[in-house]
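Please read the following paragraphs alongside the sequence and the coordinates. They start from a single residue and widen to the chain as a whole.

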Amino acid sequence: MSPNGQAQGDRLIVDAARAGDASALSELYTLYFPRVYRYILARTGNTYDAEDLAEEVFMRVLEAIERFQWREAPFSAWLFRIAHNAVISQRRKETARGRPSQLSEGLAVNSQGPDELVENRLALSDIREAAEKLPEAQRQVIALRFAAGLSVAETARTMGKGEGNVKVIQHKAIVKLREMMGQARPARVYESETAR
């Protein structure tokens, strides 16, 4: 489906949900829950927190969907702002309680066998650890683009930034992550990573 067709489909579903259609609300949940969960998991590194927060996000959406208004940004931008705010709120609560955020090793990884599974988990742990050292905007772009699977345009609308700005932030984040991970960056990677 084309991005324009997807936007029209989303609009119909969101408008039905705003009118109180339970099946439309269920469809929004089915469409967006996996992406919201992956975004929150990338931000928290903890599967239990990600599950709880993703459910909380959809409870907030359920409570506020009637007040949602179409503007220049798509529904996904509104939804991911709610998710972002939930992550920030969770971090504040943890800081106030003195509980450090623990990164879970429970992230599901597809692999051929136990050796690859261990290597993948170690690599993911290293990447999450390095990503925590990035500035907030870079962490958010990485989570939205690669964990939630949003396009550059969707990420820009979610963050209230221009597409060019998101591409620059993404580029800087990837370069910084590669430096922290001790990897050289091929010259052509930037174009393929930011073209989407």
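Arg43 is placed in helix 2, which covers residues 22-44; helices here are DSSP runs of H or I with at least four residues, strands are runs of E with at least two, and both are numbered from the N terminus. This is a predicted model, in which local features need pLDDT of at least 70, side-chain atom pairs count only at pLDDT 80 or more, and totals for chains, interfaces and linings use all residues. Residues are numbered from 1 along each chain as its sequence is written, and side-chain values use heavy atoms, with hydrogens and water left out.

Is Arg43 buried or exposed? Its relative accessible area is 2%, so Arg43 is buried (buried means under 20% relative accessible area, exposed over 50%, and partly exposed in between, with a 1.4 Å probe and protein chains only). The side chains of Arg43 and Glu136 are joined by a polar contact of 2.9 Å. A polar contact is a pair of N or O atoms within 3.5 Å; within protein, one must be able to donate a hydrogen and the other to accept it, and residues adjacent in sequence count only if both atoms are side-chain atoms. Not counting residues up to four places away in sequence, Arg43 touches His84, Val87, Arg91, Glu132, Glu136, Arg139, Gln140 and Ala143, where contact means heavy atoms within 4.5 Å.

One of these partners, Ala143, lies in helix 6. Ala143 counts as buried because its relative accessibility is 2%. Apart from neighbours within four places in sequence, Ala143 is in contact with Tyr39, Ala42, Arg43 and Ala148. Its C-alpha atom is separated by 9.5 Å from that of Ala131, 12 residues away along the chain.

Helix 6 also meets helix 8. Two packed helices are described by the angle between their axes and the distance between the axes. The axes of helix 6 (residues 136-147) and helix 8 (residues 163-181) come within 9 Å and cross at roughly 100°; axes are lines fitted to C-alpha atoms, for helices over the stretch in contact, and angles run from 0 to 180 degrees between N-to-C directions. Helix 6 is therefore roughly perpendicular to helix 8 (angles under 35 degrees count as roughly parallel, over 145 as roughly antiparallel, 65 to 115 as roughly perpendicular and the rest as oblique). On the helix 6 side, the contact is made by Ala137, Gln138, Val141, Ile142, Arg145 and Phe146, and on the helix 8 side by Val166, Ile169, Gln170, Lys172, Ala173, Ile174 and Leu177. By class, this contact has nine nonpolar, two polar and two charged residues; Ala, Val, Leu, Ile, Met, Phe, Trp, Tyr, Cys and Pro count as nonpolar, Asp, Glu, Lys and Arg as charged, and the others, Gly among them, as polar.

Helix 8 also holds Met180, which is partly exposed because its relative accessible area is 31%. Leaving aside neighbours within four places in sequence, Met180 is in contact with Ala130, Lys133 and Leu134.

Helix 7 (residues 152-159) has six of its eight residues buried, so it is largely enclosed by the rest of the structure. The buried residues are Val152, Ala153, Thr155, Ala156, Thr158 and Met159. Just after helix 7, Gly160 takes a positive phi of about 70°.

Arg67 sits in the loop between helix 3 (47-64) and helix 4 (75-97). With a relative accessible area of 62%, Arg67 is exposed. Its side chain reaches the backbone oxygen of Glu63 at 3.4 Å.

Taken as a whole, the chain has nine helices and zero strands. Of its 196 residues, 39% are buried. Among contacts with a separation of 6 or more, 59% come from residues 24 or more positions apart.

The average pLDDT is 76, and 73% of the residues score at least 70; pLDDT is the predictor's confidence in each residue, from 0 to 100. It stays under 50 over residues 100-112, for which the model has 29 contacts beyond four places in sequence. Over residues 184-192 pLDDT also stays under 50, and the model has 10 such contacts there. Where pLDDT is low, the predicted coordinates should not be read in detail.
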